[in-house]
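Here is a short report on one protein chain.

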Amino acid sequence: MTDAATARLPRTDRQGLDARLVVDRGSFRLDMTLTAAPGEVVALLGPNGAGKTTALRVLAGLVPLTEGRLRLDGAPLERVPPESRPVGVVFQDYLLFPHLSALDNVAFGPRCQGLGKAEARAVAAAWLERMGLSDHAGAKPRRLSGGQAQRVALARALATRPRLLLLDEPLAALDARTRLEVRARLRQHLAEFEAVAVLVTHDPLDAMVLADRLVVVEHGRVVQEGAPADIARRPRTDYIARLVGLNLYRGEARGHTVRLDAGPEITTTEELSGPAFVAFPPSAVTLHKERPTGAREPWRCEVAGLETHGDRIRADLTGELALAADLTTMAAAELELRPGAPVWATVEATQTHAYPA
């Protein structure tokens, strides 16, 4: 990397992001606190309409705050126009300039910051080298693959020395095979980024792999945040549970039994008292054609739907307890599963996980 590019790498003696984002847009209100330390990658997760994109647009300066604060490295940004913010953005469709080469796309930001053409191109060349794209410096976007275009867009965002990097669904435009490779490369580049990065994604795997911390937003509010492993193990809303592939219930715990708000009881290995969540994967559920003998807590259910889920069949059940169950194709055939078919469902206590609500 050239000395010019090295000089433009972010410094680490900064304070990071400290924001309370409040935006009123008709009947929708976003009200969330978002903090991040330099070097930290934070992923915003949530269903459509939760407020993730609005939060990203506020950080970029494209949507004004109704109230709240937005400080980056201790400096207020509320009144700073978008073009003057130390913020880089990687859009879902990358938005590369079609008439410019990869090199000139990356050099565009440094040129806007006042660098001469030669120096800006030297900075751009260093970033393309870092991204493994030196051989494609002269190529225009239409000649690049999806993964190459994504890396050019990332280089363009980083070449301006941002203190805040915003990534809006950066892998959504890629096919499954390319996504796997580019995700690994992106994780490497984000690990080397010394400022704050905020990622918006619908893909739980992208979030788990790329982010140091997850912030889950529903209805304009933060409902849970923490390390990816903690959130995957202890979801607190139905949305998160579905995202990480768990059945989730809330109830009242007494010892090793949790009386669910939905009615039935579940036996757990953990001993708790008071409000509690119980979670278990669909693979932990066993289905029976007849009421099983010796089972402590069989639930009478009905098949609401069936779908292929990887190499297994996912059965959605209603009845005494609504839940999802995974089973092999052979098991589904032996049980004669079809929509409306009655079944009995059980789960072993050792397969459940209970924790305070």
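C112 is exposed, at a relative accessible area of 57%. C301 is buried, at 4%. Here buried means under 20% relative accessible area, exposed over 50%, and partly exposed in between, with a 1.4 Å probe and protein chains only. A disulfide is a pair of cysteine sulfur atoms within 2.5 Å, and by this rule the count is 0.

The model is predicted: local features need pLDDT of at least 70, side-chain atom pairs count only at pLDDT 80 or more, and totals for chains, interfaces and linings use all residues. Residues are numbered from 1 along each chain as its sequence is written, and side-chain values use heavy atoms, without hydrogens and water.

**Salt bridges**

The structure holds 19 salt bridges. The term means a side-chain nitrogen of Lys or Arg within 4 Å of a carboxyl oxygen of Asp or Glu. Three of them are tabulated here.

| Pair | Closest N to O |
|---|---|
| R20 and E67 | 3.8 Å |
| D31 and R221 | 3.8 Å |

Helices (H or I, at least four residues) and strands (E, at least two) are DSSP runs, numbered from the N terminus. R163 and D73 are both buried.

R20 forms a salt bridge with E67. That pair joins strand 1 (residues 17-25), which holds R20, to strand 4 (residues 67-72), which holds E67; the two residues are 47 apart. R20 is partly exposed at 26% relative accessibility. E67 is also partly exposed, at 37%.

D31 forms a salt bridge with R221. Here the partners are 190 residues apart, with D31 in strand 2 (residues 28-36) and R221 in strand 10 (residues 221-226). D31 is buried at 14% relative accessibility. R221 is partly exposed at 45%. A network of salt bridges links R20, D24, R29, D31, E67 and R221.

**Helix 3**

Which residues of helix 3 are buried? In this helix (residues 102-112) they are A102, L103, N105, V106, A107, G109 and P110. Their cover includes helix 4 (117-130) and helix 5 (146-158). Just after helix 3, G114 takes a positive phi of about 105 degrees.

**G305**

G305 lies in strand 14 (residues 299-309). It is buried at 16% relative accessibility. Neighbours within four places in sequence aside, G305 is in contact with R314, A315 and D316. Contact means heavy atoms within 4.5 Å. From G305 to L317 is 12 residues in sequence and 7.2 Å in space, C-alpha to C-alpha.

**The second largest pocket**

A pocket is an open set of points on a 1 Å grid over the protein atoms alone, where a 1.4 Å probe fits, with protein on both sides within 12 Å along at least five of seven lines; lining residues have an atom within 4 Å of a point. The second largest pocket has a volume of about 260 Å³, the volume being the space filled by probe spheres set on the points. It is lined by 15 residues, with R242, L246, N247, L248 and A324 nearest its centre. Helix 9 (238-244), strand 11 (247-260), strand 15 (312-319) and strand 16 (323-327) each give two or more residues to the lining. By class, the lining has 9 nonpolar, 2 polar and 4 charged residues. Ala, Val, Leu, Ile, Met, Phe, Trp, Tyr, Cys and Pro count as nonpolar, Asp, Glu, Lys and Arg as charged, and the others, Gly among them, as polar.
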